[in-house]
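Okay, thanks for coming, everyone. Let me put the model up and walk you through a few spots.

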Amino acid sequence: MYEWMVTARYYEERLQEEYLEGKQPAFDISAGPIPGELHLAAGQEAAAAGVCSHLRDADTVTAPHRPHHVAIAKGVDLKRMTAEIFGRQTGLSKGKGGHMHLFDPDVNFACSGIIAEGCPPAVGAALAAKKRGEDSVAVAYLGEGAISQGGFLESLNLASVHDLPVVFVIEDNDWAISMPKDRVTDVENGAQRAGGFDLPGRRVDRDDAVAVYEAADEAVGRARDGNGPTLLEVQVHRRMGHFMGDAQGYRPEADEEQAKQRDSIARMETTLENAGIDESTIEELRDRSHDRVEEAIEWAKDQPEPDPDDAYEDVFVDPPAGWTPASESTTAEQTGGDD
């Protein structure tokens with residue numbers, strides 16, 4: 001779990017550096033090696049490591065728009081994920097999805113930028129597993145700002161009615177984009193939402209991967225044994241803005257400092273030291289994680305960008321009438337043929 005967490009933290013820090021290249025001093029979201037939006041999950045590693053430790057490749061995980069830590073813990077190919085974030089041809093979706101639409105069928109992982117959108121697909125995966133008589137489970141991650149969304153509440157209802165093997169994990173980082181939790185949510189403990197659907201709910205109120213592990217052990221085991229769904233809420237913290245380029249003018253400096261003091265990685269290092277793990281072993285794990293991230297980023301940056309004509313592949317509709325691939329059009333012009 002520690003290695004996953006350190007990998008995820010360093011990954012976000014390095015992506016932050018790569019993302020800002022070419023976007024300053026005047027912030028240009030389309031410039032640089034990583035175009036578009038980027039939502040980083042530094043500070044939320046415990047929720048991913050503690051839950052995914054109990055999962056298999058055959059289990060399904062859906063994540064929201066802040067997905068990298070969960071993807072790493074689920075075993076998504078780091079190089080291909082990084083290539084996808086950089087918009088490269090060898091990415092998980094050939095560079096077409098970007099960081100909010102990661103999809104790796106090898107380990108049954110997907111994410112979406114639509115709030116609470118991952119809940120219905122996770123319920124569907126759980127229903128499929130139950131109908132096939134398999135002991136696979138599904139896990140749906142969402143933020144505390146999403147717990148009033150219809151997709152989430154309807155998913156809780158369907159999962160409860162059919163006793164489906166699914167675990168809902170709310171990551172409470174105290175901020176729903178730019179709004180503090182108490183301005184958008186009517187309950188302090190999001191796990192209380194479970195009470196309206198007659199299913200177990202539990203909150204882990206500190207950034208502690210071991211505590212999350214213990215709570216998830218019960219929840220995942222319950223689902224795998226055919227005893228239905230569970231709702232978990234995990235207290236995490238957000239060390240960066242909602243998205244890259246977010247000036248966070250809405251956030252008091254004291255809140256940022258408090259978040260940094262609740263570092264789940266530092267807590268895990270203390271846990272390891274108390275368990276007799278020496279500093280050299282911890283440092284070795286840290287170095288290995290950093291090397292893995294650097295290798296993935298360098299590999300991704302060396303990958304080819306997609307051909308513009310590839311935009312018309314892997315789509316649900318045919319190209320518009322009269323459209324001709326650029327390569328064919330060029331050939332026709334050179335030979336005097338029709339456009």
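Let's start with a cysteine: is Cys-52 buried or exposed? Cys-52 is buried, at a relative accessible area of 3%, where buried means under 20%, exposed over 50% and partly exposed in between, with a 1.4 Å probe and protein chains only. Quick caveat: this is a predicted model, where local features need pLDDT of at least 70, side-chain atom pairs count only at pLDDT 80 or more, and totals for chains, interfaces and linings use all residues. Residues are numbered from 1 along each chain as its sequence is written, and side-chain values use heavy atoms, leaving out hydrogens and water.

Back to sulfur. With a disulfide taken as a pair of cysteine sulfur atoms within 2.5 Å, the count comes to zero. For Cys-52, the nearest cysteine sulfur is that of Cys-111, 13 Å away, so that's too far for a bond. Cys-111 counts as buried too, at 10% relative accessibility.

Next, Trp-175. This one sits in strand E6, residues 175–176; strands (E, at least two residues) and helices (H or I, at least four) are DSSP runs, numbered from the N terminus. Trp-175 is buried, with a relative accessible area of 9%. Leaving aside residues up to four places away in sequence, Trp-175 touches Glu-144, Pro-180, Arg-238, Tyr-250, Arg-251, Pro-252 and Asp-255, contact being heavy atoms within 4.5 Å. Take Arg-251: it's 76 residues from Trp-175 along the chain, yet their C-alpha atoms are separated by 9.2 Å.

That's my tour, thanks!
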